[in-house]
Amino acid sequence: MAETVALDPVDLQILRLLQNDARTTYRDLAAQVGVAPSTCLDRVARLRRSGVILGHELRLDPAKLGRGLEALLSVQLRPHRRELVGPFVERIRALPESRALFHLAGPDDYLVHVAVADTADLQRLVLDKFTSRREVARVETRLIFQQWSCGPLLPPARDGSATS
């Protein structure tokens, strides 16, 4: 289990603000949390060094890139063995249609979020890149109608509720 990093209220506010807009300048960030810009810069650098901040991502509209249909593929391997897991993960992560890959506990081994042009493209992907693989026992497809982002990720409060 990963080691938890101690965060004070200023750190939490910085994280909340950066998750809402990672392009916020240090000057604006510092003004919003009530510290000097140099202090803010030092805090963000410490959050990066400690691994709390892993990086920054650019969100794109898949439909505007010609990938207007998104789906979740539940994949079951046969057998689910270590020597099959690594190559399977590498292959699926390399697919241009793959958006996210989750290794699961339960009846399915993986959940793959994909973005494709249309249903014919989805069928081609499932048949050519998943079910054609020897280690894939089953694929179940669920279309995504709509997706929402949720609030910023913060550590739980000491009483077990979410930190606000």
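This is a predicted model: local features need pLDDT of at least 70, side-chain atom pairs count only at pLDDT 80 or more; totals for chains, interfaces and linings use all residues.

Reader: Which residues does L47 touch, not counting residues up to four places away in sequence?

Author: L47 sits in helix α3, which runs over residues 37-49. At 0% relative accessibility, below the 20% cut-off, L47 counts as buried. Leaving out residues up to four places away in sequence, L47 touches L7, D11, I14, L15, V52 and I53.

Reader: What separation do the C-alpha atoms of L47 and V5 have?

Author: These two residues are 42 residues apart along the chain.

Reader: Which elements do the buried residues of α2 pack against?

Author: Helix α2 covers residues 26-33, and its buried residues are L29, A30 and V33. They span an arc of only 100° around the axis, so they lie on the same side of α2. The face turned away from that buried side carries the exposed residues R27 and A31. The partners of the buried residues are α1 (9-20) and α3.

Reader: Which residue just after α2 takes a positive phi?

Author: Look at the position just after α2, where phi is about 80°. The residue there is G34.

Reader: How far apart are the end C-alpha atoms of helix α5?

Author: Helix α5 has twelve residues, 119-130. At 1.5 Å a residue they should span 16 Å, and the model agrees with this because the end C-alpha atoms are apart by 15 Å.

Reader: Why do the buried residues of α5 lie on the same side, and what arc do they cover?

Author: The buried residues of α5 are D121, L122, L125, V126 and F130. They are on the same side of α5 because, around the axis, they cover an arc of only 135°.

Reader: Which residue has a side-chain oxygen that reaches the backbone nitrogen of A120?

Author: This contact is at the start of α5, and the oxygen comes to within 3.2 Å of that nitrogen. The side chain belongs to D118.

Reader: How far apart do the C-alpha centres of domain 1 and domain 2 lie?

Author: The chain is divided into domain 1 (9-50) and domain 2 (62-144). Their C-alpha centres lie apart by 37 Å.

Definitions and conventions
Residues are numbered from 1 along each chain as its sequence is written. Side-chain values use heavy atoms; hydrogens and water are left out. Helices (H or I, at least four residues) and strands (E, at least two) are DSSP runs, numbered from the N terminus. The expected span of a helix is 1.5 Å times one less than its number of residues. Buried means under 20% relative accessible area, exposed over 50%, partly exposed in between (1.4 Å probe, protein chains only). The arc is that of the directions from the helix axis to the C-beta atoms. A polar contact is a pair of N or O atoms within 3.5 Å; within protein, one must be able to donate a hydrogen and the other to accept it, and residues adjacent in sequence count only if both atoms are side-chain atoms. Domain bounds come from an automatic or database domain assignment. Contact means heavy atoms within 4.5 Å.
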